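Good morning, and thank you for coming. Please look at the sequence and the structure on the screen, and I shall guide you through some of the details.

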Amino acid sequence: MSIMSNAKRALAIAAASATLFSMAACGSSNAAGSKSDSSSAASSGKIEVVASINQWGSVAKDLGGSNVEVTNIMTKTNVEAHDYEPTSQDVAKFGTAKVAVVNGADYDPWATKAAQSTKATLVTAAETAGIKEGDNPHVWFSAKVRSNTADAITAAYQKADPSHKDDYAKFNKDWHAKEDQLESKIKDTSSKTENLPYAATESVAWYLADDLKMTDATPKGYAQASANESEPTPADIKDFQDTLKAGSIKMLVFNSQEANSTTDQITGAAKDANVPIVELTEQMPKQYTNLLDWMSALVDQFTAAVK
């Protein structure tokens, strides 16, 4: 994430705040529209849910079934997620939601701002595991965060719709059974990946690699530049390329959603050195309908990349 990304995020937060202010100040016409939307949701008997990103939206859907109506804001994998600029329509969707699910850890601050200004019960994934701003924000790759967030969503549903409390408990049990299968797969795979040195163009899959007991061997200068949201220097890039060439790195993790000329140089060096590349995105690709299936497929990619 670049310094320019920080500026764009600040503008996005400001835009979200301005939109919420204008919604509140527009008077009876907007209020009537809001009541109409709420009445429609009430008549359907469903909980209106808004998720900032599609991977958490998929979890929200799995845990609510036909009792919920989930709207995802960010769904595309061809844009830089950190640079996402919400529209006024995106922000307005939080206004009628009963439950809002955001990522947190400063990944989607505009969504957190929008949700906090409404009456929706807010579930912040990162906070369920004590992950805060400044920590790695790609928390959906963490087994612990997935599990804790699922339980928080279920609790929000049971609060909003107590008449279907048992339904939500069953959905939660079924979801955890699938998560347990995924974690068992991760454990089995870790017998092959434990202590395997890997490097990453960005630390997007750090939590998954950690669950797989892999060792992050990304050259220090490049890793520090990425963590500080600054551009790596030419020396950092060369060091990364030389390290790949030397053969000490056994796998490269590439976030194609943040592809640029720098990552082109890194992936090119990996190919020249015959270092296996695991390519992934931040947002859940459209071929997957739920987070757990996507994570399972990624574990398969890591397994296949082990020499």
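I begin with two aromatic residues. Tyr107 is buried, and Trp140 is buried as well. Please keep in mind throughout that this is a predicted model.

How far apart are the ring centres of Tyr107 and Trp140, and at what angle do the planes stand? The centres are 5.2 Å apart and the planes stand at 65°. An angle over 60 degrees counts as edge-to-face, so this pair is edge-to-face. Where do the two residues sit along the chain? Tyr107 belongs to the loop between strand 3 (99-102) and helix 5 (109-116), while Trp140 belongs to the loop between strand 4 (121-124) and helix 6 (143-160). The pair therefore ties together parts that are 33 residues apart in sequence. Ring pairs also link these two residues with Phe141 and Trp294 into a cluster. The count of aromatic pairs comes to eight.

Is Asp108 buried or exposed? Its relative accessible area is 1%, and a residue under 20% counts as buried, so Asp108 is buried. The side chain of Asp108 makes a polar contact with the side chain of Ser52, at 2.5 Å. Leaving aside residues up to four places away in sequence, Asp108 touches Ser52, Val102 and Asn103.

Let us now step back to the chain as a whole. The chain holds twelve helices and eight strands. Of its 307 residues, 48% count as buried. If we take the contacts between residues at least 6 apart in sequence, 65% of them join residues at least 24 apart.

Next, the interior. In soluble globular proteins, nonpolar side chains tend to be buried together. Here the largest nonpolar core has 67 residues. Among the residues with the most contacts inside this core are Val49, Phe94, Trp140 and Phe141. Which element gives the most to this core? Helix 12 (residues 291-305) does, with eight residues. Another core, of eleven residues, lies apart from the largest one and includes Ala199, Ile249, Leu252 and Ala269.

Not counting residues up to four places away in sequence, Val49 touches several residues, including Ala60, Val68, Val101 and Tyr157.

We turn to strand 1 (residues 47-53). Seven of its seven residues are buried. Six bridges join strand 1 to strand 2 (residues 68-74), and the two strands run parallel. One example is Ile47, whose bridge partner in strand 2 is Val68.

How many residues of helix 3 (residues 54-64) are buried? Nine of its eleven residues are, so helix 3 is largely enclosed by the rest of the structure. Trp56, Ala60 and Leu63 are among those buried residues. What covers them includes strand 1, strand 2, strand 3, helix 6, helix 7 (165-193) and helix 12. Just after helix 3, Gly65 takes a positive phi of about 55°.

Let us move to a sheet further along the chain. Strands of a sheet pair through backbone hydrogen bonds, either parallel or antiparallel. In this model, four strands form an open sheet in the order 6-5-7-8, with parallel pairing. Strand 6 (215-216) and strand 8 (277-280) are the edge strands, each pairing on one side only. Three bridges join strand 5 (residues 197-200) to strand 7 (residues 251-255). Tyr198, for instance, has Met251 as its bridge partner in strand 7. Helix 11 (residues 261-272) packs on this sheet and touches strand 7 and strand 8. The direction of helix 11 makes about 150° with that of strand 7.

Most residues other than glycine have a negative phi, and most peptide bonds are trans. Asn195, however, has a positive phi near 70°. Asn195 lies in the loop between helix 7 and strand 5, and with a relative accessible area of 55% this residue is exposed. Asn274 has a positive phi near 60°. Its place is in the loop between helix 11 and strand 8. Asn274 also counts as exposed, at 56% relative accessibility.

Thank you for your attention.

Key: Residues numbered from 1 in each chain as written. Predicted model: local features only at pLDDT ≥ 70, side-chain atom pairs only at ≥ 80, totals over all residues. Heavy atoms only, no water. Phe/Tyr/Trp six-rings, centres within 6.5 Å; stacked < 30°, edge-to-face > 60°. Buried < 20%, exposed > 50% of the residue type's maximum accessible area, 1.4 Å probe, protein only. Pairing = 2+ DSSP bridges. Contact = heavy atoms within 4.5 Å. Axes fitted to C-alpha atoms, helices over the stretch in contact; angles between N-to-C directions. Polar contact = N/O pair within 3.5 Å; in protein donor to acceptor, adjacent residues only side chain to side chain. Core = buried A, V, L, I, M, F, W, Y, C linked by side-chain atoms within 4.5 Å.
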